[in-house]
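Hi,

Here is the structure I promised to pass on.

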Amino acid sequence: MMRKGFGSLAFSLSVRKRAFSTSTSPSLSPLDDAAAAGSLKSMNLFSAINNALHIALDSDPRAYVFGEDVSFGGVFRCTTGLADRFGKNRVFNTPLCEQGIVGFGIGLAAMDNRAIAEIQFADYIYPAFDQIVNEAAKFRYRSGNQFNCGASIVGLTSGGEVQTYDPPPNNAPTSYGINNFPERFNRLTIRAPYGAVGHGGHYHSQSPESFFCHVPGIKVVIPRSPKQAKGLLLSCIRDPNPVVFFEPKWLYRLAVEEVPEHDYMVPLSEAEVIRHGTDITLVGWGAQLAVMEQACIDAEKEGISCELIDLRTLLPWDKETVEASVRKTGRLLVSHEAPVTGGFGAEISASMVERCFLRYISIGTKTHY
C-alpha cells in the first residue's frame, strides 16, 4: 500500500514567491486592526500555521496537537518546534490510522480539551469520514443539545443545570446553566493539506471539501494566504463546533505575507471582497484565489471590471456577501480546484439562481483541476 511521504520537501516550483492581496475595502477589517495593534513578520503559509499552533498551545493548557509525524514537525514542517516547547504529552505522534486519529480527537474534546488533529494529506481523510460525519457532526444533535464534542456531561442538577466532569487538576463535577456553557467547550479542529502541487499524483493532490459541505454540524474552512491562515485557524480552534480546516499545500512555501505576530482571529462564515468591480463577480477559495486574481488583472486590460470574493468558510458560507455582489454586477463565475460534478461551485450557483433569478443574471461554474 502506498503511504504518504514525499521523497523530498524541496519543491521545485517555477512560480515566483509573492504576497497575496488583502481587502480593498476602505473599512477596517479584523486583520487591519491586528496589524495596527502589533508588529509584523514576513511568513510563508506553513510558518503562519506553525505560529497559530504555538499561540493555541501557549494560551490553553488543555490544547493538544496530534497526528502522523507531528512530533518532529510533520512532512510540511507545520508543527516544527511544538513538541520541544510544549512537551510530547501535548504534541505527539499517532499510528497511521486516520479513523483512530479523529475518533481519539472526538473523545479528547468530549473530555473538555482542545483537540487539534492533523491528517497528513487530505486524500487520506476518507477512512475518518464516518467519525467526522456520523460522530463529531452529530454529537450535539443526538443528545438534544445536552452534550457535544467538548464537555463531558455527567448529569443534570435538581435546579436544571448541566453537570460536567472537569479533567485534572480539578477532578470534580462543575455545574453550568444549559445555555451558559464555558467558552472552551466543544473544540475539535481537523487540519489537512489539500490540492495539487504538480508532482503529488492521485494520492496527494485531491480537493475533497465538497464531501464535507453536505454535512450539518461541522464547519469547513480554507484560507488563501498566510495572514488569513493564521487568523482563521485560531478562530477554528476556538469555535464551539467541529471544524475541518483544509490548507492549500501548494502555498505552504510559495505564499509570503507580512503577518501580525500576536494573537488575532479572522471571523468564520464571513466572505471577503478582495477586489471590487462592476461587470462580473468571481467567487473562489484557497489556492485558486491566486489564479483568479491574475484573471482579474488580465480582464482589466480588456476593459472588464471584476469583483473577486474569497469565500474563506464554505460551511456555513456567506450567501449575503455573494448575493450583494451578484445583484450589483449581474454575472457570476465560480472557480474551484476540484471536480465539477457535485462540486461546491454548483451549490453557490444554485443558491444565487434562487436568490437572484429575477435579476436575469448570468451564472457559470469553472473548475481548475
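Glu-323 sits in helix α9, residues 319–329. Its relative accessible area is 15%, so Glu-323 is buried (buried is under 20% relative accessible area, exposed is over 50%, and partly exposed is in between, with a 1.4 Å probe and protein chains only).

Before you go further, some ground rules. This is a predicted model, in which local features need pLDDT of at least 70 and side-chain atom pairs count only at pLDDT 80 or more, while totals for chains, interfaces and linings use all residues. Residues are numbered from 1 along each chain as its sequence is written, and side-chain values use heavy atoms, with hydrogens and water left out.

Now the overall picture. The protein has 10 helices and 17 strands; both are DSSP runs numbered from the N terminus, helices being H or I with at least four residues and strands E with at least two. Of its 369 residues, 54% are buried. If you take the contacts between residues at least 6 apart in sequence, 80% of them join residues at least 24 apart. The accessible surface is about 15,700 Å², and carbon and sulfur atoms account for 54% of that (Shrake-Rupley method, 1.4 Å probe; for residues, only the protein chains shown count as cover).

Next, the aromatic rings. There are 12 aromatic pairs in the structure. Rings of Phe, Tyr and Trp (its six-membered ring) pair if their centres lie within 6.5 Å; planes under 30 degrees apart are stacked, over 60 edge-to-face, and the rest tilted. One of the pairs is Phe-66 with Phe-92, which is stacked at 5.7 Å centre to centre with 10° between the planes. Phe-66 belongs to strand β2 (residues 63–67) and Phe-92 to strand β3 (residues 91–93), so this pair ties together parts 26 residues apart in sequence. Both Phe-66 and Phe-92 are buried.

Tyr-124 and Tyr-203 make a tilted pair, with 6.3 Å centre to centre and 40° between the planes. Because Tyr-124 is in the loop between β4 (114–118) and α5 (129–136) and Tyr-203 in the loop between β8 (187–194) and α6 (209–212), the pair ties together parts 79 residues apart in sequence.

On to the inside. How many cavities of 30 Å³ or more are there? The count is one, and the largest cavity has a volume of about 60 Å³. A cavity here is a set of points, on a 1 Å grid over the protein atoms alone, where a 1.4 Å probe fits but cannot get out, and lining residues have an atom within 4 Å of a point. Grid points are joined across faces, edges and corners, and the volume is the space filled by probe spheres set on the points. The lining includes Gly-74, Arg-77, Glu-118, Gln-120 and Tyr-252.

Two of those lining residues, Gly-74 and Gln-120, are also touched by Asp-69, as is Asn-93, not counting residues up to four places away in sequence. Asp-69 is in the loop between β2 and α3 and is partly exposed at 27% relative accessibility. Its C-alpha atom is 9.4 Å from that of Glu-118, 49 residues away along the chain.

Finally, some backbone details. Arg-77, in the loop between β2 and α3 (82–86), has a phi near 70°, a positive value in a residue other than glycine. Asp-112 also has a positive phi near 70°; Asp-112 is in the loop between α4 (98–110) and β4 and is buried at 3% relative accessibility. Leu-315 and Pro-316 are joined by a cis peptide bond, with omega about -10°. Pro-316 lies in the loop between β15 (313–315) and α9.

Happy browsing!

Technical notes:
Contact = heavy atoms within 4.5 Å. 1 Å grid on protein atoms, 1.4 Å probe; cavity = no way out; pocket = protein on both sides within 12 Å on 5 of 7 lines; lining within 4 Å.
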